[in-house]
Amino acid sequence: MNLHEYQAKELLKKYNVPVQEGFACSTVHDAEEAYRQIKTQYNSPFAVVKAQIHAGGRGKGKIKETGINGVKVGKGADEIADIAQKILGGTLVTLQTGPAGKVVHKVLVAQDMYYDGPAERKEFYLSILLDRAKKQNVIIYSTEGGMNIEEVAHNTPEKIFKEWVNPGNGLLPFQARKIAFNLGLSADAFKNCVKFVTNLYNAYTGLDCSMLEINPLFKAADDKIVAVDCKMNIDDNALIRQKDLAAMRDVTEEDPTEVEAGKYNLNFVKLDGNVGCMVNGAGLAMATMDMIKLSGGEPANFLDVGGTANAQTVEAGFKIILKDPNVKAILINIFGGIVRCDRVAQGVIDAYKNLGNITIPIIVRLQGTNAVEAKKLIDESGLKVQSAILLSEAAELVKKAVA
């Protein structure tokens with residue numbers, strides 16, 4: 001689960017991680033008020049307005065309707081209001097959103113961190129994530145932070161450092177000091193960085209993050225170390241014990257079909273193909289998508305109905321797949337282990353009748369427990385549903401459907 005920048009920063013503050021202070025605003029009036037509070041509190045005429053979407057590259061991205069960048073510095077209440085008006089409700093397009101972009105519902109009006117001379121300040125990069133190959137958490141950091149970190153990693157990989165952390169031991173003091181040393185810090189900045197990294201790692205583990213990225217990690221002119229931006233992903237599997245975090249989910253940032261699938265406990269990912277697929281089991285789903293490609297089609301989705309598929313889940317899956325206008329055929333590939341194939345077949349028949357007006361070919365391949373009975377049910381239903389026992393048979397039917 002992704003969080004917005006303003007949400008992530010509020011969580012970091014609970015772990016004593018210094019952050020760029022600001023206020024989340026959904027209206028122009030709120031943005032003006034936020035600016036006045038920032039000006040009073042920090043005695044600065046400047047503030048930065050940041051579009052809040054679940055995507056990176058906001059500073060380089062532009063609002064379709066107004067052409068303004070997703071992150072903009074302003075001076076004075078009128079200028080901040082003008083920037084907020086041009087961002088709120090607009091569609092922000094970045095490299096990560098693709099050309100469709102994402103609608104901005106909130107902005108973060110934050111304090112200007114770039115006070116005093118540029119010689120006294122520095123931007124770094126730091127992130128924490130899980131290295132599955134080594135079965136350890138890894139802190140990735142660089143002296144070259146900012147908007148061009150991807151170019152740094154590509155062009156000068158020697159400037160990217162990694163520090164692996166054994167989950168059983170946690171981040172050890174010498175590792176935090178090593179990070180601060182490699183960033184070239186000294187004196188108070190060094191001490192502040194050690195505290196920052198230690199507290200940030202505690203936040204990463206305490207919040208059950210799957211990824212926590214600070215870019216830029218900022219050394220101010222007074223040697224304070226501050227998180228100017230933050231991207232935080234929470235492990236979905238941990239939400240059962242992180243009720244407060246689950247309540248922070250913003251479904252407006254997610255694909256509507258994926259949100260609807262979640263209501264029925266369906267594992268769904270929308271793709272760009274022309275063959276919808278409904279399968280039980282992630283491994284079988286991957287094999288099915290491979291088979292669709294070998295047959296000349298392109299998978300329109302990944303949909304795993306799980307091991308307890310029934311008429312309700314099958315019908316819900318049908319509805320979700322049929323919302324995609326690019327789908328030219330639907331392949332249902334079920335292996336009957338825990339679930340009996342004849343029950344799935346009956347679910348397909350019931351769903352077909354309830355939905356009605358299904359004009360695209362539907363291929364059903366059922367194998368395993370009661371597969372023969374399931375094929376008989378479908379063949380005798382009188383519906384335009386084609387059945388198959390072998391995977392090769394299903395592949396041939398898919399090939400004909402998309403030809």
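Predicted model: local features only at pLDDT ≥ 70, side-chain atom pairs only at ≥ 80, totals over all residues.
Of the 17 residues in its lining, Asp236, Arg249, Glu254, Glu258 and Gly262 are the closest to the centre. A quick word on terms: on a 1 Å grid over the protein atoms alone, a pocket is an open set of points with protein on both sides within 12 Å along at least five of seven lines, and lining residues have an atom within 4 Å of a point.

Residues are numbered from 1 along each chain as its sequence is written, and side-chain values use heavy atoms, with hydrogens and water left out.

Back to our pocket. Which elements each supply at least two residues of its lining? They are α8 (256-263) and β15 (267-270), and α8 gives the largest share, four residues. Helices here are DSSP runs of H or I with at least four residues, strands are runs of E with at least two, and both are numbered from the N terminus. By class, the lining of the second largest pocket has six nonpolar, five polar and six charged residues. In that count, Ala, Val, Leu, Ile, Met, Phe, Trp, Tyr, Cys and Pro are nonpolar, Asp, Glu, Lys and Arg are charged, and the others, Gly among them, are polar.

Now to helix packing. Helix α10 (residues 311-322) and helix α11 (residues 341-355) pack at an angle of about 50°, with their axes 8 Å apart. That makes α10 oblique to α11, and their crossing is right-handed. Helix α5 (residues 173-182) packs against helix α6 (residues 187-206) at about 130°, the axes being 9 Å apart. α5 and α6 are therefore oblique to each other too, and α5 passes α6 in a right-handed crossing. The axes are lines fitted to C-alpha atoms over the stretch in contact, with angles from 0 to 180 degrees between N-to-C directions. Angles under 35 degrees count as roughly parallel, over 145 as roughly antiparallel, 65 to 115 as roughly perpendicular, and the rest as oblique. Right-handed means that the near helix is turned clockwise from the far one by less than a right angle.

On to the backbone. Most residues other than glycine have a negative phi, and most peptide bonds are trans. Asn16, in the loop between α1 and β2 (22-25), has a positive phi near 60°. Is Asn16 buried or exposed? Its relative accessibility is 59%, so Asn16 counts as exposed; the cut-offs are under 20% for buried and over 50% for exposed, with partly exposed in between, using a 1.4 Å probe and protein chains only. Asn370 also has a positive phi, about 60°, and is partly exposed at 25%. Finally, a cis peptide bond joins Asn215 and Pro216, with omega about 10°, and Pro216 belongs to strand β12 (residues 209-219).

One last stop, at helix α1 (residues 5-13): seven of its nine residues are buried, among them Tyr6, Leu11 and Leu12.

Conventions. 1 Å grid on protein atoms, 1.4 Å probe; cavity = no way out; pocket = protein on both sides within 12 Å on 5 of 7 lines; lining within 4 Å.
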